[in-house]
Amino acid sequence: MELANQMDQAIGMVIKGEATEARQAEKFLIQCGIFSIEKVQQAAAGLKQAVEPQDTRIQGVFDRILHVHQLKKVVTSAMQSSEPRIYMELTYGNLDARESLLKVLYPKFADESIPLAKHIISNEQEHFRVRSLSVEILRRLNRNKALLELYNDSAGELKLVAAVALVRNRVFFPIPTILEALEIGGEKNSNIRALAAGILRDFTRQSFGFKAEGTPEARARAVAKWRQWWKENTQQLQARSLLVLNNKRIETEARKESREFWVKAHQFWDGGRLDRAGTYLREARRKDPSFLKAHISYARLLYSELAPAEKDPERKALMVDEAEQILKGLVESALPDATGQDLHLIYFEFGNVLRLKGEYSEALKQYEDSFALNPSSIPSILGVADCHWGIATGKNDLSGVERKLEMQSALEGYSLAEKKISETLGSIQVLSAADIPQLENLPFERRAHNRNALLVREELEKESIRLALKNARVYRLQDLPKKAVVALRRGLQTLKASTELKEKNPIEAELRAMLGVVYESMGEDVRAVKEYLRVVRDLDRTNQVCRRGYERLRKRLQKKETTASRG
């Protein structure tokens, strides 16, 4: 009885109390869990039945309490452990916060999060962007059975959204709903008609002359042709849909031929015959345009191998642009055959191209999506961190405070990458193909068939040492030279201790050159000269930064000695 009285008092505070009291009462009622639900529901119903209009704030409080209760029915303990603030973020967080949380949560808990996604999609009070995001992620994760249940249980706009997602994933049962969307009248609905027509054209390669802004008579004639097409192909398309729903695929002759060209292309790639690799990848794409691996491989070959080797600036730029268009097309297209790993790689490669072009903000979005699909991906983490660095140091309208925040984000990313590399190095004994971690310099499919644990350790150690350089670079701009020195010294210690790295001189030269620059900025000219001299004498005689630094400081020190002797 005491708890019941306390809940009654809390509901009274929500209705009549001051703002501070109402917030405390709301928090208390949420903590009461299922015990408060009936009373909250009765109070909310009473508000709706009141003759006089009630304060929307009060209704909002009751809606939030009931919302948290509904979330607790669909959020698992594992999800809550991973994201302890999940209830607060989804109930009180702003739009961006809710979207960011779901982008991480859905891929991480692909099966467990389906009830949560269905709840959010069905919640009419939720923002359209969050509902659409939930549908899109279910689609990209190929949770077609969940989408079909949603489609069957919904009506109106939500039914159309689910239908679009299913048809994009080559589940054709909702085609009648798409055809109905073609018939929606009114000038304001032309965008809906255009969407429906685009979905149909995407997999049939036919339009039957339909134009979203055409006359009603012209549209009706085209729709009649579409309906006839559906009648003639219903049985075949429904059979294909069942295969997709049951995760069964039939490899066509075109796919077999395309795969053979793709495998041969990578053999040429491994052998350094890049032009031949390009020829075979183009043929693989032509044989089967739906074979994702061929598109991803060709885009990577263009921007990472062919463009850097090209001397003509115009041709180089065209190659990078072509890679961008290929990957952008994949990101924006329906990809029913894509696995989570395929999508991770598409976003990652697209991020690489955008970063190469200096479009750091756009690249950051791709890396974040890539990381959400594979949180263990070291290159995705590095991509996120490098983009924050690029934004912090780039030409833009950021304030000084915003630049500092971007630098801090870069440091946090590099720290996470170091942690992942350390964990991986500690666990490597003997690796199977599936266990080999992804690094940026490993081609598509990771060449897992011809790599061993020693090679992987070498690449991980090299990346770990490069992180020392990246950290020092950030610390230097943050005016923290002592931390930069510590980072560089740690990198040198790692390099010295490494038993796997064969070519140590180039990376040691980079570390010591940066160390010389930092010492010089601190006014420690003698230490700086020693680092510059060691580079040009023992490691890299062509290093211009160190040669100029050495000459500059040598003259400065000689001048000081001369002045001192005269004094």
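Good morning, colleagues. The protein before you has 27 helices and 0 strands; both are DSSP runs numbered from the N terminus, H or I of at least four residues for helices and E of at least two for strands. The model is a predicted one, in which local features need pLDDT of at least 70 and side-chain atom pairs count only at pLDDT 80 or more, while totals for chains, interfaces and linings use all residues. Residues are numbered from 1 along each chain as its sequence is written, and side-chain values use heavy atoms, with hydrogens and water left out.

I begin with the whole chain. Of its 567 residues, 46% are buried. Here buried means under 20% relative accessible area, exposed means over 50%, and partly exposed lies in between, with a 1.4 Å probe and protein chains only. Among contacts between residues at least 6 apart in sequence, 58% join residues at least 24 apart, where contact means heavy atoms within 4.5 Å.

What does F210 contact, leaving aside its neighbours within four places in sequence? The partners are L182, R193, A197, R201, R219, A222, V223 and W226. Among the buried residues of helix 14 are R219, A222, V223 and W226.

That brings us to helix 14 itself, residues 216–245. A straight helix of 30 residues would span 44 Å at 1.5 Å a residue, yet helix 14 spans only 36 Å between its end C-alpha atoms; the expected span is 1.5 Å times one less than the number of residues. Where is the kink in helix 14 centred? It is centred on N233 and amounts to about 65°, the bend being the angle between axes fitted to the seven residues ending at a position and the seven starting there. N233 is also one of the buried residues of this helix.

After helix 14 comes N247, with a positive phi near 55°. Most residues other than glycine have a negative phi. Two loop residues also have positive values. R170, in the loop between helix 11 (156–168) and helix 12 (175–182), has a phi near 65°. D479, in the loop between helix 23 (453–477) and helix 24 (481–497), has a phi of about 60°. D479 is exposed, with a relative accessible area of 64%.

By contrast, V353 in helix 19 is buried, with a relative accessible area of 0%. V353 touches Y303, V320, A323, E324 and L327, not counting residues up to four places away in sequence. The C-alpha atoms of V353 and E324 are 6.2 Å apart, although 29 residues separate them along the chain.

Finally, which helix supplies the largest share of the lining of the second largest pocket? That share, 8 residues, comes from helix 20. Of the 33 lining residues, K103, K365, E368, D369 and A372 are the closest to the centre of this pocket. A pocket, on a 1 Å grid over the protein atoms alone, is an open set of points where a 1.4 Å probe fits, with protein on both sides within 12 Å along at least five of seven lines, and lining residues have an atom within 4 Å of a point. Thank you.
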